[in-house]
Amino acid sequence: MTTPDLVATPARLAPCIILIGMAGAGKSTVGSALARELGWAFLDSDHLIEALYGARLQDLTDALGKEAFLDTECGVIRAIKANRTVIGTGGSVVYREEAMRHLVALGSIVHLDVPLAVIEERVARNPQRGLAIAPGQTLADIFHEREALYAAWAGLRCDARNKNPRECAQWILRHLPQDLLVADV
């Protein structure tokens with residue numbers, strides 16, 4: 001058995017798996033479980049934004065306002081260079097076509113689909129999670145506004161309603177093209 005050259009770029013890079021969906025859909029939890037199953041890295045784009053700006057996501061969205069935050073998020077997303085990585089995105093990433101085109105170039109997009117009632121309950125448990133929401137909008141408003149965007153960008157839709165994170169990860173693995181998961185390392 002040969003030892004891989006960890007400094008050299010692999011001959012064939014494995015695409016990423018990108019999770020999209022509403023805040024509270026489980027992108028970080030499922031993404032971590034999926035990355036463990038694959039032996040890949042996991043990247044949470046919301047955490048990347050927080051690290052870059054040294055502030056909590058909700059504080060950033062409050063300070064910038066929705067549109068400026070979406071532009072900031074888009075810039076951070078477009079700077080991601082990765083392979084063999086599961087990427088959990090912020091729920092608002094679908095508002096910027098440039099960000100989504102970059103993510104599509106990185107790999108397969110999977111929508112974690114969870115009903116509004118579950119989203120409302122999860123967001124209520126963690127109201128500081130960082131929602132890109134305009135004054136006067138409700139969680140139901142952005143849920144309905146984003147439904148078509150998630151459907152348009154996702155190559156795969158995982159109904160996460162009755163699945164735990166590990167079951168979602170396994171469902172995703174079973175439904176992704178197997179050649180996506182192979183790379184020379």
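1. Let's start with Cys16, which is found in strand β1 (residues 16-20); helices (H or I, at least four residues) and strands (E, at least two) are DSSP runs, numbered from the N terminus. This is a predicted model, in which local features need pLDDT of at least 70 and side-chain atom pairs count only at pLDDT 80 or more, while totals for chains, interfaces and linings use all residues. Residues are numbered from 1 along each chain as its sequence is written, and side-chain values use heavy atoms, with hydrogens and water left out.

2. Cys16 has 0% relative accessibility, so it counts as buried (buried is under 20% relative accessible area, exposed over 50%, partly exposed in between, with a 1.4 Å probe and protein chains only). Leaving aside neighbours within four places in sequence, Cys16 is in contact with Trp40, Ala82, Asn83, Arg84, Thr85, Ile87, Leu106, Gly107 and Ser108; contact means heavy atoms within 4.5 Å. Trp40 lies 24 residues from Cys16 along the chain, and their C-alpha atoms are separated by 9.2 Å.

3. Ser108, one of the contacts of Cys16, has its place in strand β4 (residues 107-113). At 18% relative accessibility, Ser108 counts as buried. Not counting residues up to four places away in sequence, Ser108 touches Cys16, Ile17, Ile18, Leu176 and Leu180.

4. Now to the nonpolar core, meaning a set of buried Ala, Val, Leu, Ile, Met, Phe, Trp, Tyr and Cys residues joined through side-chain atoms within 4.5 Å. The largest one has 57 residues, and Ile20 and Ile172 touch the most other members. Beyond its neighbours within four places in sequence, Ile172 is in contact with Leu19, Val30, Leu34, Val110, Leu112, Leu156 and Cys158.

5. Helix α5 (residues 97-106) has Ala99, Met100, His102, Leu103 and Leu106 buried. These residues are on the same side of α5 because they cover an arc of only 160 degrees around the axis, the arc being that of the directions from the helix axis to the C-beta atoms. On the other side of α5, Arg101 and Ala105 are exposed. The buried residues of α5 pack against β1, α4, β3 (85-88), β4 and α7 (139-153).

6. Which residues are buried in helix α3 (residues 57-64)? They are Leu57, Gln58, Leu60 and Thr61. An arc of only 160 degrees around the axis holds them, which puts them on the same side of α3. Asp62 and Ala63 are exposed, on the face of α3 turned away from the buried side. The packing partners of the buried α3 residues are α2 (45-53) and α4 (66-78). Just after α3 comes Gly65, with a positive phi of about 85 degrees.
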